[in-house]
Protein chains: 2
Amino acid sequence: MISLTDTVAWGALQAHFPRVASEHLRDLFAGDPDRFERLSLRACGILLDYSKNRVTAETMDLLRALACESGVMERAHAMVSGVRINETEDRAVLHALLRDSRDSPVCKVDGALRAGVERTLEAMERFSEEVRSGRWRGHGGERITDVVNIGIGGSDLGPRMVCRALAPHADGPRVHFVSNIDGAHLTSTLRGLDPARTLFVVASKTFTTVETMTNAHAARRWLLDAAGDEAAVARHFVAASTNRAAVVGFGIAPEHMFEFEDWVGGRYSLWSAIGLPIAITVGMTQFRALLAGAHAMDRHFLEAPLDRNLPVTLALLGVWYVNFFGAETHAVLAYDQRLDRFAAHLQQLDMESNGKRVTLASTTVDYATGPVVWGEPGTGGQHAFFQLLHQGTRLVPADFIVAASCDHSLKDQHRLLVANCLAQTEALMLGRSEAEVRADLAAGGMPLGPSNRLASHRTFDGNRPTNTLMFERLDPFTLGALVALYEHKVFVQGAIWRVNSFDQWGVELGKELATSIARELANPDGVRPHDASTGGLVAEYRRLSG
Amino acid sequence: MISLTDTVAWGALQAHFPRVASEHLRDLFAGDPDRFERLSLRACGILLDYSKNRVTAETMDLLRALACESGVMERAHAMVSGVRINETEDRAVLHALLRDSRDSPVCKVDGALRAGVERTLEAMERFSEEVRSGRWRGHGGERITDVVNIGIGGSDLGPRMVCRALAPHADGPRVHFVSNIDGAHLTSTLRGLDPARTLFVVASKTFTTVETMTNAHAARRWLLDAAGDEAAVARHFVAASTNRAAVVGFGIAPEHMFEFEDWVGGRYSLWSAIGLPIAITVGMTQFRALLAGAHAMDRHFLEAPLDRNLPVTLALLGVWYVNFFGAETHAVLAYDQRLDRFAAHLQQLDMESNGKRVTLASTTVDYATGPVVWGEPGTGGQHAFFQLLHQGTRLVPADFIVAASCDHSLKDQHRLLVANCLAQTEALMLGRSEAEVRADLAAGGMPLGPSNRLASHRTFDGNRPTNTLMFERLDPFTLGALVALYEHKVFVQGAIWRVNSFDQWGVELGKELATSIARELANPDGVRPHDASTGGLVAEYRRLSG
């Protein structure tokens, strides 16, 4: 494939950029009363208003041309056809199959694959219903009141985010998540839980992930200290894994290993058996609604023309800011306390997928790739870091996400929440000129001297770009669509940047060195030579830990 | 004061930069076996290893010269002498006084101010002991089991972070934090709490913060729905505030308003009456240990020479990356699950302080100021965003924070945690060349073809800068010192960037617009004209919310 910077569209965008960069959004809105109508889209119940971005109609046309020249949609269709587009690991990429519909399928794959997905869903349904209904009993005959998911990365972030987001729908056991190798995570979670009523889900594809297996063995000891009988393990542990021998060796019954295939990447695994804690806490009907929302977005992504396509549009705007404005970050600001882990999930999804510098052609990029994704829920963030968004020296493109309706009874508060969300995008776009500030200060009776002093500090440049995603309600369907929207956004950006969004070689080196240092910390003999810093830190650890 | 880019040191740093930028840390370590000894510091029980930074001894000298030319320490001494260095708000900046020591004071201020601080501490001590001992009873005569802090920004992030970090020391009532105007935050927190046993701390300096007062009134209704008697308010609500009339109007007894002064900024307020929930949950002895740690760091900051000064060193390294390497972000990676809200606290501390573009001389900067601060605890982050740190196209300077010893019994897991922390900084620094990768692949028996294909994907450039902060244990003293370390780091950077780190005008415009939009959402008449986007979103909200 032609290199990104050699495409016709790239050159055209470079030529186009200075004209747009010098425009203020105020003027773009003033010059086009239909700008909102033109630059907003709807799909799967989600409105995307992207009119507060520093683009013109021409910018969008050029960006879409870049997507065409980059073969983005061809690659998308290859993905859902089961082509091994994860080339460096020689794997297909079929998370869309996990949520595909029998009636209106988007994946063009072997019936056996499809049947396997359905089998796992049925197994999840049977098991989650057993636990929810209380038919499943612990070793001592007690009902399960608490489920502890032990997993890390995709086996933690996705299900954890979803369980928090769908809390109003939770009518099953309480769910807890333990990920960190830091023993404080497991011990603080287990404090207050009753081993006789606790079920552990060990989520690790290979059943060898160091953090997960270490925590699982500690949890197993905690259970057995109370139960005193190895047979208890099979009543209190199940697995989401593919390593049957290791799962059985741990003491888990083979029928309670919930499987998924090698074409499910960790950061796309919440739709698979890794979603078991979601199914247990909200029930399989809601879990299937989550899948249906994601499927609706898959269909939209694959079928909508580029100029009506939500994931493509979000992706292209991101490319515009990263590669032309030089933005290094992207903020995700959900005005929804229940989405307090949404940014953390997207952080993995985006940064692990596109935080790469080598292309599929094995060349090193000469352009920037994935940004740092970060964010905290609004309105909390307004009282923390919004200062920098408004008056700092950096361009931080941001997505504002909000539901029009809420699931609780404090309706007035919800209206205030929405008002804040809208007001922030308005303020970031408009800004406030020094003349406006002076007029305000004068109207407030401020004498001329201090007014002069303060006016510049109260000035806002504005022209800060935002997207707004609004939907009726954060129900399972909408959440599924929202997460899939970002998955495809990341896919499109990866395709444009020519990287493999589905591998993660960047985590390997640290893992290897950790294994080696862990041995050295445990056994002072045979320490291999380190750089002076690492050696000094090993010595400091020894000194401090006695 | 001379403009930053006109200083002699700035020019010298510009000339010096290309030489350092072309060096690899591998070579800097190879060329100097004493690099760790030279480039590490200790204070207040904290080791700062900054040797894995892209600096030479000369870089540090030049950066320190920049600090001198910028009058950093003069400004620090002015701060603790009560000078109104927060010029745009005409206030002193005296959070150091909140933790000052009677025996070895660092603040040079009026005895009345000092006596006021001690009075508040004594009031906090009396009250927290009453609640902890059970002498304080609810309206129905029950003991308090749960404390709910209602506050936002600094009235939430600091105390919340500290309560999580000091959880092993918690022996008082459980503490909960509600900040978001989103009603889901309050309702989900109150679910499962017993009004008869719940105490609310309303934390708002002015007692007018919209989020806080809205949540406080909703909580008041929740209490009265159960208690049925207005007199209950005084037994279940206390305040950290300065607005006596409003506090009393709410129904809180005046003696249960815990005060702080206008020289305590929100992001520095956890040391003040805003820290009341900390005192209630861990006790005043631990709270005073937290203050003592911060005081020790204050003393170190004010007295240590620049080349032995931890906050100054961290700050200068940040300036180096922001202004010369063009880094836009700074990652805070605490290898400690109990510090899972540490980055969120620093986000406010740093971005609200230095996310500014106007100097104290009221001119607009022509250089970058504060970075985007972000992070999640290790080891979780390794399975999420570390891919980008290792192989992405961006330079992300990062602080790694770890305790050598833990407060739980899973000692082996703690050793693995430390090993991972050390291994990541080693990997980020060293990288792995294509030749090394090929040798590894060949040793693993990989045939030549695929090895060629994969080698570039498995290559790490390394040369990614990190700091490591190591201490014996995350006890209250160390936590206090650690937080104060970052406070002074931010102070130094603000002084170098010539901004007022103590105001936050950037939050005003959004607040004003939110008030106006909230009125419009509640009452469709009298909608003021908006840009097409904001107008379109208001209409969409109307449509969706019915």
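Trainee: How many residue pairs are in polar contact across the interface of chain B and chain A?

Mentor: In this predicted model, the rule finds 61 residue pairs in polar contact across that interface, counting pairs in which both residues are at pLDDT 80 or more.

Trainee: Which helix gives the most to the side of chain B that touches chain A?

Mentor: That is helix H18 of chain B, residues 411-430, which gives 13 residues, while the residues of that side as a whole divide into 57 nonpolar, 47 polar and 31 charged.

Trainee: What makes the pair Glu540(B) and Arg42(A) a salt bridge?

Mentor: The closest N and O atoms of Glu540(B) and Arg42(A) are 2.7 Å apart, and the cut-off for a side-chain nitrogen of Arg and a carboxyl oxygen of Glu is within 4 Å, so the pair is called a salt bridge. The count between chain B and chain A is ten salt bridges.

Trainee: How much area is buried between chain B and chain A?

Mentor: The buried area is about 11900 Å², of which carbon and sulfur atoms give 60%, and the contact takes 135 residues from chain B and 134 residues from chain A.

Trainee: Which residues is Val247(A) in contact with, leaving aside its neighbours within four places in sequence?

Mentor: Those residues are Phe207(A), Ala239(A), Ser241(A), Ile252(A) and Met257(A); the C-alpha atoms of Val247(A) and Met257(A), ten residues apart along the chain, are separated by 7.2 Å.

Methods:
Residues numbered from 1 in each chain as written. Chains lettered and ligands numbered in written order. Predicted model: local features only at pLDDT ≥ 70, side-chain atom pairs only at ≥ 80, totals over all residues. Heavy atoms only, no water. Contact = heavy atoms within 4.5 Å. Buried area = accessible area lost by both parts, 1.4 Å probe. Polar contact = N/O pair within 3.5 Å; in protein donor to acceptor, adjacent residues only side chain to side chain. Helix = DSSP H or I, 4+ residues; strand = E, 2+ residues; numbered from the N terminus. Nonpolar A, V, L, I, M, F, W, Y, C, P; charged D, E, K, R; others polar.
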